[in-house]
Amino acid sequence: MENGRIVIDGTALTCAEVVRAARGDVTVYISPDGVERAAEANRVAAEVAAAQPVYGRTTGVGANRVVDVEWEDADAHGLRLLRSHASGAGPLVAPEIVRAMLTVRANQIAAGGSGVEPGVLGALADVLNLGLLPPVPVHGAIGTGDLTALASTALCLLGERAWLTGPDGAPQQGPGHRLRSADALAFISSNAATLGEAALAVADLRELLAASTVVAALSHFAVRASTEPYAQQVQDACPHPGQRDAAAAMRALLAFDQPAPARIQDPYGYRAFPQVHGPALDAAAYAERVVAREINAAAENPLVDVQGRTVWHNGNFHTAYVGLALDSARAALFQTMALAAARLGTLAEPSFTGLYPFQGETEASSGIMILEYVAHSCLADVRRLATPAALGSAVLSRGVEEHAGFSTQSARATTDAVAAYRLGLGCELVAAARALRMQGRAPSGGPLRAALALADGVLDPRVADRPLDADIAAAADLLPRLAGLHP
């Protein structure tokens, strides 16, 4: 990231930069080094294809790999391929995911393994900078290539389909590029849409996990829980990295206040927080590393080997690593969200808060009762979405493509799980802030004091029974700012 622009060079794109390109007001710039790598790969691809069969360039695709493309049909072959593969179904995916896809595909081409003519890099940058989108339906990929999404993009570049723009998705003609027929398969043989969505999801997940620690510390303070479980000696006795990080963050957040604990042992929501939240931290960090590695890889089939002046037919299009990493992250997310729901339960209990049941205005008031229902509804969705996508199977294209990892579905499930987690965590934040307000207590300093001040600034202070939907939404929107307070 340089002064409001993102440099695409094929080697150093981060998940955070994908987020900025997808959601932020930034300019995308293609590095000359990336253009040169793409140009050299394009030259080698042409040389090799003139001397030997190259999948997709001189042959059909899938089960048609054994069919040679006659030279007199070569110009039409690629266009037929794009038209036939631009056949997704269902509603269009979110604009931010499409922008993430375009960013990732540009970076992959700049890595220099696809052989796609380098002029397409400038066209992709122009599309991103103008805010244009190809129409990309939800259904069409299973983790072995986002063929339908990228074929639709290619037809937009060729001028056969209109770009979409604006909040209403109005069609618009935009910059084009005469994608060569020989480059058709090379352009669409990528998991850029899946990887783009995965990059957004893991960045959001890591941010929310940081916010969750701050919210958990507020709940801890509200119920006067013990800090013994977070002691350095306890963590050194079982030194998992994420567990140690979670405990260290709790120690830092609670360092300004060490009142005598109200109980010798607290419920698991507090006592086992490091042991349950830690795996989620580790899983999310691993998933981000996997996705970052993929978006900077020349994971092309066939792979153009510039140094060896040849091509390699291979299986790098298969994103098993990504799908399995995301599956693991969602399983860990369910575990830590279950603890958040459990902490919310303690915040409704007079024996933990010293308040009326459900933090009611009176003993008969409902107070925050409904927050538990909302949180458990969100938790139920996260549990449903935690089912591993990798457990699926597929045999396609007359049996020659006999496996799929379904990383596309894993990325989509992670997006949806993160959205549910955000709302469930918002419920805990509403309850923790309200408990402290009604107790007349606040942390004496540090980031936890700042977190409560932020919450007080956006949450309605009234405690009379009333709708809490606006409170939940405000709390959920505040979570990114709380993540910034994570020590």
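The model is predicted, so local features need pLDDT of at least 70 and side-chain atom pairs count only at pLDDT 80 or more, while totals for chains, interfaces and linings use all residues. Residues are numbered from 1 along each chain as its sequence is written, and side-chain values use heavy atoms, with hydrogens and water left out.

**Helix α15**

- Helices here are DSSP runs (H or I, at least four residues), numbered from the N terminus.
- The 17 residues of α15 should span 24 Å at 1.5 Å a residue, and its end C-alpha atoms are 26 Å apart, which agrees; the expected span is 1.5 Å times one less than the number of residues.
- L371, A375, C378, L379, V382 and L385 are the buried residues of α15, where buried means under 20% relative accessible area (1.4 Å probe, protein chains only) and exposed means over 50%, with partly exposed in between.
- These residues lie on the same side of α15, because they cover an arc of only 115° around the axis; the arc is that of the directions from the helix axis to the C-beta atoms.
- Y373 and R384 are exposed on the other side of α15.
- The buried residues of α15 pack against α13 (320-346), α16 and α18, with contact meaning heavy atoms within 4.5 Å.

**Helix α17**

- Helix α17 (residues 446-458) has 13 residues, and from its first C-alpha to its last it reaches 19 Å, close to the 18 Å expected at 1.5 Å a residue.
- Buried residues in α17 are L448, A451, L452 and A455.
- They are on the same side of α17 because their arc around the axis is only 95°.
- Packing partners of the buried residues of α17 are α8 (192-222), α10 (241-253), α16 (407-439) and α18 (469-483).

**Residue Q359**

- Q359 is in the loop between α14 (350-353) and α15 (369-385).
- Q359 counts as buried because its relative accessibility is 0%.
- The side chain of Q359 reaches two backbone atoms: the oxygen of L347 at 2.9 Å and the nitrogen of A435 at 3.2 Å.
- Apart from neighbours within four places in sequence, Q359 is in contact with residues including G367, I368, A431, R434 and M438.

**Aromatic rings**

- The charged end of R5 sits over the ring of Y29, 4.2 Å from its centre; this requires NZ of Lys or CZ of Arg within 6 Å of the ring centre and within 35 degrees of the ring normal.
- The charged end of R441 sits over the ring of F221, 4.2 Å from the ring centre.

Note on methods: Helix = DSSP H or I, 4+ residues; strand = E, 2+ residues; numbered from the N terminus. Polar contact = N/O pair within 3.5 Å; in protein donor to acceptor, adjacent residues only side chain to side chain.
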